[in-house]
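Here are my notes for you on this model. Keep the structure open while you read and look up each residue as it comes up.

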Amino acid sequence: MIVTRSWLNEFIDLKDISNDKLYETFNAIGLEVGRMEHVSMPSRVVIGQILSCEKHPDADKLNVCQVNIGLGTRQIVCGAANVVNATFVAVATVGTVLPDGLEIKPAKLRGVESDGMICSASELGLPNIGSGIMILDDSIGELEPGRELREYDTVNDTIFELELTPNRGDCLSIYGVARDLCAALGKNLIEHKPVRHNKKVKLGISREASLNAQADIDAYINCNLVVQKEDSTLPLIVYLRLAMINIPSKNKLDDALEYLLHTTGVILQAYDADFFRNVDEKIVIELKSDENKMINISNSTDTASVLGVYQDPKSKPDTQNGQIVLISSYIHPNKLAEMLGDSKIQKDSIYYNTSRGSNPDFAFGLLVAIDFFEKYDLMDVYDGVLSHEPNKEDKALLIDIKELYSIIGQDIEKSTVTNVLQRLGFKVAGIGDDAIAITVPMFRPDICNIQDIAEEVVRIIGIDQIESKPLCFNEHYHADSSISLYRAKKAIRNRAASVGFFESISYIFSDNALLEQYGFETINNENALLNPIVQEMNTLRSTLLVNLLLSAKRNINYTKKLIPLFEIGRVFDVKRNEKEKIAFVWSGQSEQESIINHGKPSMINMPLFLQKLGFILSDFRLEECSQTNKLIHPYQSANILIDNKVCGYVSKLHPVAQEEFGLYETFIAELDFEALMPKHVLAKSISNFQGVYKDLSILISREVAYSQVKRAIDELSLSILSNVYPIDTYEDKSLGNNISLTIRLFIQSGEHTLEDSEIEHVTEGILTTLQNNFGASLR
């Protein structure tokens with residue numbers, strides 16, 4: 001956003017404010033200055049009044065002018081074609097040194113003496129405003145022949161380029177920036193008081209035009225009817241200021257609207273009145289939403305514009321005279337974003353303002369526009385407006401003063417807070433001593449809560465006025481599911497690292513072909529990735545193991561011999577439903593080479609792998625594997641049960657998969673992470689009486705899994721049987737199809753010292769059950 005000092009001076013009195021003070025204030029209130037540039041006219045450049053202009057006797061493209069420069073009349077030869085239309089011009093008198101270093105001296109041009117130079121804007125160091133000399137008018141001030149141009153503030157100006165954050169759409173105008181400056185400098189906004197320049201009786205707009213708007217349209221518009229005058233011209237100040245803010249000149253109408261938008265911030269667009277004219281010669285403007293929820297301004301058949309987004313060129317005036325419909329509009333930026341969504345609709349320059357928040361004060365915008373049109377005799381304006389306003393209440397906030405002070409960091413006079421907010425355009429009402437009610441103005445859609453109010457107060461009174469003190473941060477205890485999950489993951493990671501595992505982190509993507517090759521489910525076609533990163537990551541993973549095995553393979557390629565990896569992450573089913581899992585892979589050596597193992601460590605095996613899992617998972621047990629995929633070994637695999645529920649599996653890697661991945665001896669495990677979440681455990685009483693360990697050796701069929709034995713014993717529900725677990729197996733040809741299984745029983749009563757009969761009852765009950773269920777016998 002670019003502003004100039006003289007332009008701001010129309011809304012705030014800056015006579016006693018230096019440029020350095022302005023620079024400092026802008027930065028203090030959050031309108032960071034990216035550039036400050038002072039445009040200064042050379043000395044001895046004066047206002048000249050052309051008294052006569054005649055053709056040069058010896059040159060077709062030169063004119064000989066008699067120019068009044070206050071101290072007398074000077075003859076100046078000029079080569080600009082537009083000098084014949086000029087009355088007042090900028091004259092560099094003899095002795096002037098122009099910004100490019102050219103010194104003006106008396107000269108003869110084709111035999112005619114020339115005593116000075118009539119200058120263009122660029123020759124004086126001003127932005128280029130077109131070819132030819134700069135023709136002056138009273139828009140820059142009262143013109144007095146002989147008065148130095150450097151005395152005119154509108155020409156001798158200072159340019160400030162402000163770096164606005166996206167939420168500050170209210171400062172995308174001179175008026176908006178002036179409002180912030182008034183609050184910071186303790187000044188009042190200068191009220192715009194138009195002068196009735198055109199005394200003609202105005203016609204009423206309702207005689208020629210009407211507005212038909214859907215009742216539910218959530219936007220504001222005002223329609224005005226004007227007649228553009230063909231022979232009118234824009235004043236010099238418009239061209240100078242538009243050039244200073246880097247807006248190129250297009251045509252008289254567009255330049256006027258750009259100037260008014262930058263001045264007031266009110267969106268004002270011009271439409272050819274004939275576009276809306278019906279067969280009865282009545283101008284009928286339609287405001288409605290289409291099937292895509294776009295709010296359109298249209299005639300009975302065609303769309304003229306999408307409100308706040310784009311105007312169709314066919315609806316714009318194509319001449320510099322005739323009737324024009326001027327439509328000022330406002331739509332809330334959030335509503336505009338919701339309306340557009342992911343639409344790829346074309347946008348024009350007006351969208352920059354509407355998407356950040358334009359000025360909804362149509363009355364002010366119209367007042368300035370009509371005064372501008374009539375002052376410079378640009379248009380005749382019809383009386384009255386056609387408008388549509390939704391029935392909406394202003395946003396209100398109830399602010400606790402103590403909470404506000406807590407956010408700011410110190411107590412501030414309540415009257416100071418009220419005064420700052422009122423100067424910024426907020427309505428403030430006191431509610432007792434501890435609260436205020438604030439009505440947020442429509443031009444501040446970014447203000448939503450007490451933190452926003454605190455920011456407004458601090459930036460205006462100045463951050464330097466807030467006492468520096470240590471941050472007092474009181475955080476409420478958060479005991480939600482996210483915290484619990486974080487803590488569980490942290491604990492598992494620490495335990496895994498303590499037994500030698502390294503955490504691997506991979507993409508949630510995987511190779512669809514690889515998943516199918518090893519028997520894992522893949523996402524169905526309707527949920528497939530539309531634009532995969534690469535072909536090897538063309539689907540969402542349904543297991544962590546494939547990516548972990550690929551990581552192990554890469555480690556082997558780097559000559560690693562000990563590869564213990566784990567990963568915690570999400571996997572996806574065929575419908576893209578997510579689940580958190582944890583997986584483990586240990587490939588190669590069981591430990592690092594050292595002097596203890598003589599540099600020849602053993603390879604990882606199932607007992608050692610299960611022991612390491614036990615350190616991580618704590619209490620779990622195994623039973624016959626029911627999982628089916630091509631990574632699982634047919635004979636060395638098992639389900640993992642926690643709290644008697646199957647939550648995953650452990651297995652030696654299938655030899656075929658081991659060869660395809662190029663790995664050493666490898667063991668794998670994958671579990672649902674939910675099973676590892678800490679649970680509330682009730683304390684159990686500890687017996688004061690001595691327990692007894694009893695070993696029971698039985699002959700049992702090798703086809704019977706230990707999990708079946710354990711389940712049969714558990715079903716007896718023996719109250720004094722505290723624990724049971726296997727300690728030894730023995731196989732021999734003499735045993736035939738049987739094996740010898742030794743299980744250890746821990747028997748303990750919580751109420752009394754055990755008697756031999758109770759111990760025998762337990763052992764006999766177990767032996768009888770195993771005999772009946774599995775044909776077992778005591779060895």
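1. Start with T742, which counts as buried because its relative accessibility is 9%, and the cut-off for buried is under 20%. Bear in mind that you're looking at a predicted model here. You'll find T742 in strand β36, which covers residues 738-747.

2. What does T742 touch, once you leave aside its neighbours within four places in sequence? The list is D695, L696, S697, P726, I727 and D728. Have a closer look at S697: its side chain and that of T742 are joined by a polar contact of 2.9 Å.

3. Now jump to E208, in the loop between α3 and β12 (209-213). Is E208 buried or partly exposed? It counts as partly exposed, because its relative accessibility is 25%, and buried would need a value under 20%.

4. Count along the chain and I283 is 75 residues from E208, yet their C-alpha atoms are 6.0 Å apart. I283 is also one of the contacts of E208 beyond four places in sequence, along with L225, K282, Q323 and Y382. With Y382 there's a polar contact between the two side chains, at 2.9 Å.

5. Next, the inside of the protein. In soluble globular proteins, nonpolar side chains tend to be buried together. Here the largest nonpolar core has 98 residues, and L8, F26, M134, I140, L149 and I453 have the most contacts inside it. Helix α3 (residues 174-185) gives this core its largest share, 7 residues. Apart from this core lies another one of 31 residues, including F276, I297, L307 and I331.

6. Not counting residues up to four places away in sequence, M134 touches F88, V89, A90, C119, S120, A121, L124, L126, I129, L149, L236 and L240.

7. How do helices α2 and α3 sit relative to each other? Their axes cross at roughly 95° and come within 11 Å, and 65 to 115 degrees is the range for roughly perpendicular, so that's what we call this pair. On the α2 side (residues 19-28), the contact is made by K21, L22, T25 and F26, while α3 brings V177, L181, A184 and L185.

8. Last, zoom out. The domain assignment runs from domain 1 (2-39 + 159-185) to domain 6 (692-778). Among the others are domain 3 (205-388) and domain 5 (482-676), whose centres are 64 Å apart.

Note on methods. Residues are numbered from 1 along each chain as its sequence is written. This is a predicted model: local features need pLDDT of at least 70, side-chain atom pairs count only at pLDDT 80 or more; totals for chains, interfaces and linings use all residues. Side-chain values use heavy atoms; hydrogens and water are left out. Domain bounds come from an automatic or database domain assignment. Helices (H or I, at least four residues) and strands (E, at least two) are DSSP runs, numbered from the N terminus. Buried means under 20% relative accessible area, exposed over 50%, partly exposed in between (1.4 Å probe, protein chains only). A polar contact is a pair of N or O atoms within 3.5 Å; within protein, one must be able to donate a hydrogen and the other to accept it, and residues adjacent in sequence count only if both atoms are side-chain atoms. Contact means heavy atoms within 4.5 Å. A nonpolar core is a set of buried Ala, Val, Leu, Ile, Met, Phe, Trp, Tyr and Cys residues joined through side-chain atoms within 4.5 Å. Axes are lines fitted to C-alpha atoms, for helices over the stretch in contact, and angles run from 0 to 180 degrees between N-to-C directions. Angles under 35 degrees count as roughly parallel, over 145 as roughly antiparallel, 65 to 115 as roughly perpendicular and the rest as oblique.
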